[in-house]
Amino acid sequence: MDTNILVLSFTEQSKAFQAFSELRERAADQKLVIINEAVVERTTDGNITIHDNWANGASGEQVLNGTLLGSLVGLLLGPLGVLLGASMGALVGSSLSVEDAAIRSSLLAQIASVIPVGTTAVIATVQEYVPQVVDELAASLGASLVLRRPIEAVEKEVLAHQKAQAAAAAEAERVLVQQHSSEWHERMGEWQKQVSTSLHTLKNKITGG
């Protein structure tokens, strides 16, 4: 049995919501286990928004907290998701074919790229005995495509991106602190001159000089 991250992309939003429900229905009596899933859409401004999610028999904003899918969706919802989608689009728009672009890009870029503007997708963590169950469902609902990637590979890349973001944030904080230190150092010199001038004036007043 393989555990995969699946992306089912649809041009018709209602079909995505139907797949969101029917995946769990198929799991009840077939060779499929749904661990968690989410419905996301890429809007006309290029951003990805989340419409619904499910995990462990519950739905709501918090159910994906602490999960790989939650981390993946979180990355896609942020600036990185917009950047990855745009960079993948640029590759496809160049001399590269769609297949070449998919091969050369990162897993996160591949996932972002199969949710272009105007599409809605189901992203799910699934344990599959055979791929046909999901593939047949996707075909019956007219999915644009099904992307399937091993959970281990996706997890490794998500962690790498999170570490890179943390390192970038730490470096940005260091630079800001350094800039503030330089600013205050320059102003400290100005303040010292002001105090020196004030003391000199006060001394002259006292001595009558």
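Predicted model: local features only at pLDDT ≥ 70, side-chain atom pairs only at ≥ 80, totals over all residues.
Student: Why is E37 called buried?

Tutor: Buried means under 20% relative accessible area. E37 has 0% relative accessibility, so E37 counts as buried.

Student: How do you know that E37 forms a salt bridge with R24?

Tutor: The cut-off is a side-chain nitrogen of Lys or Arg within 4 Å of a carboxyl oxygen of Asp or Glu. The closest N and O atoms of E37 and R24 are 2.6 Å apart, so the pair meets the cut-off. The two residues come from distant parts of the chain: E37 sits in strand β2 and R24 in helix α1, 13 residues apart.

Student: And what is R24 called, at 25% relative accessibility?

Tutor: Partly exposed covers values between the 20% limit for buried and the 50% limit for exposed. At 25%, R24 therefore counts as partly exposed.

Student: How many salt bridges does a search of the whole structure find?

Tutor: That search finds three. One of them joins E128 and R148, whose closest N and O atoms are 2.8 Å apart. E128 belongs to strand β5 and R148 to strand β6 (residues 145–150), 20 residues apart. The side chains of D135 and R148 also meet in a salt bridge, at 3.0 Å from N to O. Here D135 is in helix α6 and R148 in strand β6, 13 residues apart.

Student: What makes E128, D135 and R148 one network?

Tutor: Their salt bridges share partners, and that joins E128, D135 and R148 into one network. R148 takes part in the bridge with E128 and in the bridge with D135.

Student: Why is E61 called exposed?

Tutor: The word exposed needs over 50%. E61 has a relative accessible area of 70%, so E61 qualifies as exposed. E61 lies in the loop between β4 (58–59) and α2. From I50, E61 is eleven residues away in sequence and 9.4 Å away in space, C-alpha to C-alpha.

Student: How do you know that the span of helix α1 agrees with its number of residues?

Tutor: At 1.5 Å a residue, the 17 residues of α1 (residues 13–29) should span 24 Å, and the end C-alpha atoms are 26 Å apart, which agrees. In α1, A16, A19, F20, E22, L23 and A27 are buried. What covers these buried residues includes β1, β2, β3, β5 and α6 (132–140).

Student: What makes β2 largely enclosed by the rest of the structure?

Tutor: Nine of its eleven residues are buried, so β2 is largely enclosed.

Student: How do you know that β2 pairs with β5 and with β3?

Tutor: Two strands pair if there are at least two bridges between them. Nine bridges join β2 to β5, which run antiparallel, and β2 and β3 pair in the antiparallel sense over seven bridges. For example, V33 has Q127 of β5 as its bridge partner, and A38 has N53 of β3. The hairpin of β2 and β3 has five residues between the strands, and G46 there takes a positive phi near 90°.

Student: Which residues touch the most other members of the largest nonpolar core?

Tutor: That core has 25 residues, and V7, V40, L72, L76, I115, I123 and V158 touch the most other members. The elements that give two or more residues include β1 (2–10), β2 (32–42) and α7 (151–207). The largest share, six residues, comes from α2. Beyond its neighbours within four places in sequence, I115 is in contact with V7, V40, R42, I48, A121 and I123. A second, separate core of 20 residues includes F20, V39, L137 and L141.

Definitions and conventions
Residues numbered from 1 in each chain as written. Heavy atoms only, no water. Core = buried A, V, L, I, M, F, W, Y, C linked by side-chain atoms within 4.5 Å. Buried < 20%, exposed > 50% of the residue type's maximum accessible area, 1.4 Å probe, protein only. Helix = DSSP H or I, 4+ residues; strand = E, 2+ residues; numbered from the N terminus. Contact = heavy atoms within 4.5 Å. Expected span 1.5 Å × (residues − 1).
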